[in-house]
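Open the model in your viewer and keep the selection tool ready. The tour below goes stop by stop.

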Amino acid sequence: MKKKFAAIFMAAVMAVGMLAGCGSTAPDESAGDAPKEQDAAKPAEEDSSSEGEQAEAETPEAADGETYLIKYATVRSAEHGVEKLVQEYFDTLTEKSGGRLQFECYFDGSVGSAREIAEACAAGTIDAYWGGSGDLSIYAPVAEILTNPPFVYKDAEHAERVLDAVWDDVVVLINQADLMPLYHSYQGTRQLISRDPVNSLADLKGVKKRTVNSEYFMGLFSALGAEPQAIDLSELYTALQTGVCDAGGGDLDMIYDKAWYEVIDNITMYNAICVQGIPVMNLEKFNSLPEDLQQLMVEEGKVMAHRGTEEVSASEQASLKKLEEAGCNIIYLEDDVRNEFRDAVAEYAKEYAASLGDDVLAVYEKMIAVE
């Protein structure tokens with residue numbers, strides 16, 4: 001497998017050229033509920049020598065002459081908001097390290113699928129990638145409860161506090177998978193869009209709710225009393241039009257971009273899941289860096305955790321305003337009503353965390369105790 005993927009990777013490298021840094025940004029591969037992708041960025045031609053020379057000239061030179069190249073891959077485009085923040089992180093590291101840290105980015109799945117990228121990082125073929133529930137969790141199960149815990153995070157700011165509180169434990173568990181988590185980053189809160197208004201848990205009973213085709217999510221919405229329907233995200237608009245399902249879910253940016261509100265227009269702000277992503281690095285590669293550069297990456301990661309909360313929250317507020325202007329019925333739940341949803345899945349969520357291991361359950365119990 002490693003040999004096969006190495007061949008794929010080297011072919012991709014020849015196609016995109018050796019980039020001096022990370023140009024732009026990329027879309028989310030997790031759980032099918034991904035923000036709308038922009039057009040893929042065109043890879044640089046190998047014979048673009050003048051552009052290459054210009055990029056080299058603009059790259060800070062390391063004061064001590066020793067540089068450390070980190071190769072990062074993602075399935076998202078260079079223009080995706082998540083990847084813009086990743087590039088901001090990389091640019092800051094290059095600047096603050098005096099050019100000792102250099103980054104080379106591969107966008108649009110140019111080196112493989114999300115799963116193949118994760119395998120390549122585990123094998124050391126690439127050095128870093130953006131980890132979500134479907135790829136990072138195959139190596140570090142704790143990622144599953146960090147990225148998609150139901151009704152645990154009250155809002156984006158609370159999610160940041162929760163993850164900060166358990167981060168030391170998370171680092172230990174992900175290190176055991178020979179990976180180094182660089183920071184956690186907010187990716188949007190999943191809300192409910194439905195044909196009929198959902199003002200309480202009782203209103204969700206029997207509702208045909210689209211979800212991801214996974215045992216975890218099917219079980220989750222069954223616990224809420226809904227009738228989960230495994231439907232591809234690309235088919236949801238038509239499914240809502242034809243009555244195949246009565247409800248869907250996604251962050252506000254997604255709900256607006258996918259135009260589901262044109263078919264059904266009741267949006268319940270129930271804060272089901274504040275989705276998180278975790279950029280990770282091959283642990284051997286991370287440990288090969290000088291200690292001061294390791295510390296720099298960790299410290300700047302803390303800054304990026306907060307930056308993600310700020311940027312994504314601002315984007316969601318902008319989408320909320322657009323949805324209001326489009327005439328959507330925005331339903332805000334009181335805390336006691338939202339707690340009904342949380343209580344309905346509490347046992348299911350705890351059992352799921354326990355199925356991932358006692359160490360994961362211990363982290364989960366710490367998470368739900370954070371106010």
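Where is the place of Leu136? Select Leu136: it sits in the loop between β3 (128-131) and α5 (142-147). Keep in mind that this is a predicted model.

**Stop 1: Leu136**

Show the surface around Leu136. Its relative accessibility is 0%, so Leu136 counts as buried. Leu179 is 43 residues away from Leu136 along the chain, and the two C-alpha atoms are separated by 9.3 Å.

**Stop 2: an edge-to-face pair**

Turn to the aromatic rings. A pair of aromatic rings is described by the distance of the centres and the angle of the planes. How many aromatic pairs does a search of the whole structure find? The search gives 12.

Select Tyr72 and Phe90. Their ring centres are 5.3 Å apart and their planes stand at 80°, so this pair is edge-to-face; the cut-off for that class is over 60 degrees. The pair links distant parts of the chain: Tyr72 belongs to strand β1 (residues 68-73), Phe90 to helix α3 (residues 81-96), and 18 residues lie from one to the other. Colour by accessibility next. Tyr72 is buried, at a relative accessible area of 1%. Phe90 is buried too, at 4%.

**Stop 3: a stacked pair**

Jump to Tyr216 and Tyr348. Here the ring centres are 6.2 Å apart and the planes at 20°, so the pair is stacked. Tyr216 is in helix α7 (residues 215-223) and Tyr348 in helix α12, so the pair ties together parts that are 132 residues apart in sequence.

Is Tyr216 buried or exposed? Tyr216 is buried, with a relative accessible area of 8%.

**Stop 4: the ring cluster**

Which residues do ring pairs link into a cluster? Select Tyr72, Tyr89, Phe90, Phe103, Trp130 and Tyr183.

**Stop 5: a negative patch**

Select Glu334, Asp336, Glu340 and Asp343: together they form a negative surface patch. Centre the view on Glu340, which lies in helix α12 (residues 335-355).

Terms used: Residues numbered from 1 in each chain as written. Predicted model: local features only at pLDDT ≥ 70, side-chain atom pairs only at ≥ 80, totals over all residues. Heavy atoms only, no water. Patch = residues over 30% accessible without salt bridge, like charges linked within 9 Å, V, L, I, M, F, W, Y side chains within 5 Å. Areas by Shrake-Rupley, 256 points an atom, 1.4 Å probe, with all protein chains shown as cover. Salt bridge = Lys/Arg side-chain N within 4 Å of Asp/Glu carboxyl O. Lys, Arg positive; Asp, Glu negative; His and termini not counted. Charge placed at Lys NZ, Arg CZ, Asp CG, Glu CD. Helix = DSSP H or I, 4+ residues; strand = E, 2+ residues; numbered from the N terminus. Phe/Tyr/Trp six-rings, centres within 6.5 Å; stacked < 30°, edge-to-face > 60°. Buried < 20%, exposed > 50% of the residue type's maximum accessible area, 1.4 Å probe, protein only.
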